[in-house]
Amino acid sequence: MAVKVIVELKAQPGRRDELRSFIEQLAARDRPSDYHGSTYYESLDDPDLLIDIADWESPEARTSHMAKAMAAGAYGPVLQLLAAPFRATVIRQLS
C-alpha cells in the first residue's frame with residue numbers, strides 16, 4: 001500500500017536551505033528502492049519551516065529504512081539543524 005509522508009522540519013533561523021540541501025544529499029546517497037522521491041515546500045507563514053512530502057511503497061518500508069538510518073547516525077547532522085523536533089504524518093489515499 002503506497003503512502004505519502006508529510007514531514008515538517010523547523011530549521012534554525014536562516015538555515016532552511018542548508019537543511020534541505022543536506023536532506024537531498026542523504027536521499028541521493030542512500031535511496032532505497034521502496035522510496036519514490038520527495039517534493040519540498042516552503043511555508044508562506046514561516047520562512048524556516050521546510051515541508052517534505054515523500055512517496056513510499058509502504059509504511060513498513062519507510063519505518064525499516066528510518067530505523068536503519070537512525071541507528072547508523074545518518075540523520076544526526078539533520079537533527080542539529082532543527083530548532084524543534086520534526087513532525088511526520090503518514091497518509092494514504094482513501095479508496
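**Reading a loop serine and an aromatic pair**

Modeller: Serine 43 is found in the loop between S2 and S3; strands are DSSP runs of E, at least two residues, numbered from the N terminus, and helices are runs of H or I, at least four. This is a predicted model, where local features need pLDDT of at least 70, side-chain atom pairs count only at pLDDT 80 or more, and totals for chains, interfaces and linings use all residues. Residues are numbered from 1 along each chain as its sequence is written, and side-chain values use heavy atoms, with hydrogens and water left out.

Biologist: Is serine 43 buried or exposed?

Modeller: Buried means under 20% relative accessible area, exposed over 50%, partly exposed in between (1.4 Å probe, protein chains only). Serine 43 has 19%, so it counts as buried.

Biologist: Which backbone nitrogen does the side chain of serine 43 reach at 3.1 Å?

Modeller: There are two answers here: that of aspartate 45 and that of aspartate 46.

Biologist: How many aromatic pairs turn up in a search of the whole structure?

Modeller: Rings of Phe, Tyr and Trp (its six-membered ring) pair if their centres lie within 6.5 Å; planes under 30 degrees apart are stacked, over 60 edge-to-face, the rest tilted. The search finds one pair. Tyrosine 35 and tryptophan 56 have ring centres 5.1 Å apart and planes at 50°, so they are tilted. The pair joins distant parts of the chain, with tyrosine 35 in strand S2 and tryptophan 56 in strand S3, 21 residues apart. Both are buried.

Biologist: What else is tryptophan 56 in contact with?

Modeller: Contact means heavy atoms within 4.5 Å. Leaving aside neighbours within four places in sequence, the partners of tryptophan 56 include Val3, Pro32, Ala61 and His65.

Methods: Polar contact = N/O pair within 3.5 Å; in protein donor to acceptor, adjacent residues only side chain to side chain.
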